[in-house]
Amino acid sequence: MDYSDSRILLSSQREGNKSRFRTWVSMVVPLAAILFQFFLPRFFDFLRFVEMPFLVVVYFALVRRSQINGLLVGALVGLAQDSLSKHPLGMFGIVKTLVGYFAASVGLRIDVDHAMVRLVLTFFFYIFHQVLYWVMVRALLSQPMDLEPQRTALLALLNAVIGVALFHFLDKLRDRA
Amino acid sequence: MESLLNRYRNITVLLLVIAAQLILLAVQVKNNRDIPFVRAWTVTAVTPIASVVEWFRGGSSGMLHNYVFLRDADAENRRLREEVGKLKMDNIFLRNELSQADRARALQVFQSSTQSKTLAARTIGAGAGSGSKTIYVDRGSVEGVERGMAVVTPDGIVGKVIASYPTASEVLLVTDPDFAAGVVSQKNQARGTLKGQGNGPCKVDYVPIEEKVEVGEWFYTSGDDRIFPRGFPVGMVTAVHEAQPFKEIQVEPSGLQHGLEDMLIILSGVHQEIPDTPPGNQPVYIAPAPPDATKTTGAADASGAPAAASGATAPATEADRLRAHYKALGDAQNHVFGENLPGQKPPNFNLALPPAGAQPPVKQNGVQSPLKQNGAPPPVKQDGAPPALKQDGGHPPAKQNGAPPPAPQDGTAAPAKPAGTPPAKSPAVPPGGGGR
């Protein structure tokens with residue numbers, strides 16, 4: 001293994017920069033993400049594809065490197081998103097809980113400050129999010145829902161690109177421990 | 001034991017959180033009931049912020065629009081709208097609901113005319129989820145909005161309230177696949193169920209194949225669903241396919257055509273008759289402005305031929321022709337439309353004007369009056385006596401498809417017919433100019 005500065009895998013948990021955020025950042029950013037999805041599609045319908053709550057959950061889970069924190073942020077953001085949707089409470093909650101947990105688990109092992117790593121992770125977590133949501137809608141609610149692989153992949157890529165830019169901005173709000 | 005819990009703490013918390021949400025989900029699905037307080041918390045927390053953001057957005061957008069980018073265009077737009085409004089008030093033939101460009105005003109008119117008790121609402125947000133077909137409006141249970149109420153615009157139905165919170169309500173749009181409403185066709189009274197398809201047009205299901213439904217026909221709410229009162233427009237049929245056992249009918253929902261800015265929530269619905277004719281509030285297609293009169297006159301003078309010869313002065317639409325006719329009537333009687341005080345004598349709309357191509361002296365009430373068009377407006381007596389009209393120009397008058405010649409401007413002599421033309425009697429109402 002190459003131990004240069006550009007290596008991706010962390011040899012121990014200590015190597016990862018466990019990020020902390022001020023309380024207001026932890027509250028305002030998820031709320032802003034919810035507001036973004038609630039408010040912006042009204043004026044810019046083409047931005048409806050941006051899953052801002054999902055991106056925020058992934059970011060906090062990745063950089064905090066705490067599985068419990070990740071899943072709790074995912075659960076809260078998901079439930080808030082459920083509250084603003086027509087589906088029963090818990091659909092987005094469960095999906096984002098799992099996304100937060102797994103993202104934090106990956107963050108413990110990989111240096112997530114790399115832009116390319118973030119791009120790839122966000123891409124795969126988006127697909128995971130959509131597939132899991134599709135499974136839950138069909139399995140738990142018995143409702144018909146189409147899953148279009150090509151469209152999902154494209155949206156995953158777009159969200160990943162936006163996510164990398166968003167993560168770069170959010171990096172400026174964190175306090176490195 | 002303690003070390004075991006510590007070791008598996010993360011996965012334990014994960015399982016607990018997932019299990020809690022699964023139980024929450026199961027309770028809702030099994031009882032077919034929502035957990036209202038959780039949604040109410042979120043909506044109550046989010047909507048005030050959204051309202052504030054909307055307020056700032058509206059203010060800044062309005063300022064940007066009015067004072068930075070389109071200051072002159074906006075002023076001109078307002079002036080033109082006022083002019084259109086005044087003309088409509090004076091002209092009962094041109095009174096048409098579609099000419100109301102101001103959606104809020106149209107909504108107000110509709111609200112006052114409909115028998116149902118309604119509440120005006122404004123969109124403040126979209127439902128979460130990329131495929132969501134729900135919106136949030138700024139009226140909630142405090143104002144009396146309840147789940148299951150219908151949401152309409154003057155153009156047609158919009159959706160129905162699926163959740164009501166203190167400060168806001170969630171509306172399921174007609175395009176949502178979960179939406180359904182009872183509808184009936186206008187011509188043959190074919191009954192069916194309107195369903196959303198996610199995007200674009202809706203479909204009308206359960207219409208038997210023996211029923212006759214035509215493309216272009218309108219569907220109205222039937223009132224069978226006990227949500228939408230009978231008689232509200234739903235949309236126009238865009239496609240009909242024969243299928244077993246029911247027809248496949250595509251309907252373009254009319255309520256969403258003009259955006260989802262303002263709408264009405266029906267608090268107490270009253271059934272109404274389905275009109276015999278399609279709804280009047282069709283999409284408005286504004287024709288290009290009529291050609292400038294000065295340019296037209298100048299062109300006509302320069303060529304020495306009637307302006308109509310080039311076709312430049314021909315009114316674009318029936319409305320343009322009527323407008324030109326009434327403007328000429330107003331000019332002839334020194335009447336400014338829209339600026340007369342109540343109680344004043346209205347202009348004589350039956351006043352005979354010289355038809356295009358025909359020349360005065362005009363005979364009215366048995367009196368022949370020469371028409372004079374030498375650059376000054378023709379003197380008109382408003383006491384019922386025919387005006388003394390004289391035309392001593394050397395050119396034939398501009399012909400505008402039956403409309404009166406344009407009013408002289410800047411001292412330019414209007415084209416007139418050569419002397420010697422036999423007098424003609426003007427019809428009281430030019431073709432298409434008054435009898436509708």
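Contact here means heavy atoms within 4.5 Å.

The model is predicted: local features need pLDDT of at least 70 and side-chain atom pairs pLDDT 80 or more, while totals for chains, interfaces and linings use all residues. Residues are numbered from 1 along each chain as its sequence is written, chains are lettered from A and ligands numbered from 1 in the order written, and side-chain values use heavy atoms, without hydrogens and water.

Next I took the axes of H4 (residues 91–109) of chain A and H2 (residues 9–31) of chain B, which come within 9 Å and cross at roughly 170°. H4(A) is therefore roughly antiparallel to H2(B). Axes are lines fitted to C-alpha atoms, for helices over the stretch in contact, with angles from 0 to 180 degrees between N-to-C directions; under 35 degrees counts as roughly parallel, over 145 as roughly antiparallel, 65 to 115 as roughly perpendicular and the rest as oblique.

I then turned to the whole interface. The contact takes 43 residues from chain B and 39 residues from chain A. The two chains bury about 3,500 Å² between them, 68% of it on carbon and sulfur atoms; buried area is the accessible area (1.4 Å probe) that two parts lose on being put together, summed over both.

How many salt bridges does the rule find across the interface of chain B and chain A? It finds two. In a salt bridge, a side-chain nitrogen of Lys or Arg is within 4 Å of a carboxyl oxygen of Asp or Glu. I looked up the pair Asp178(B) and Lys86(A), whose side chains meet in a salt bridge at 2.8 Å, N to O.

Last, I checked Gly74(A), in helix H3 (residues 67–83) of chain A. Gly74(A) is buried, with a relative accessible area of 0% (buried is under 20%, exposed over 50%, partly exposed in between; 1.4 Å probe, protein chains only). Leaving aside neighbours within four places in sequence, Gly74(A) is in contact with Val57(A), Gly93(A), Lys96(A) and Thr97(A).

For chain A I noted six helices and two strands, as DSSP runs numbered from the N terminus (helices H or I, at least four residues; strands E, at least two).
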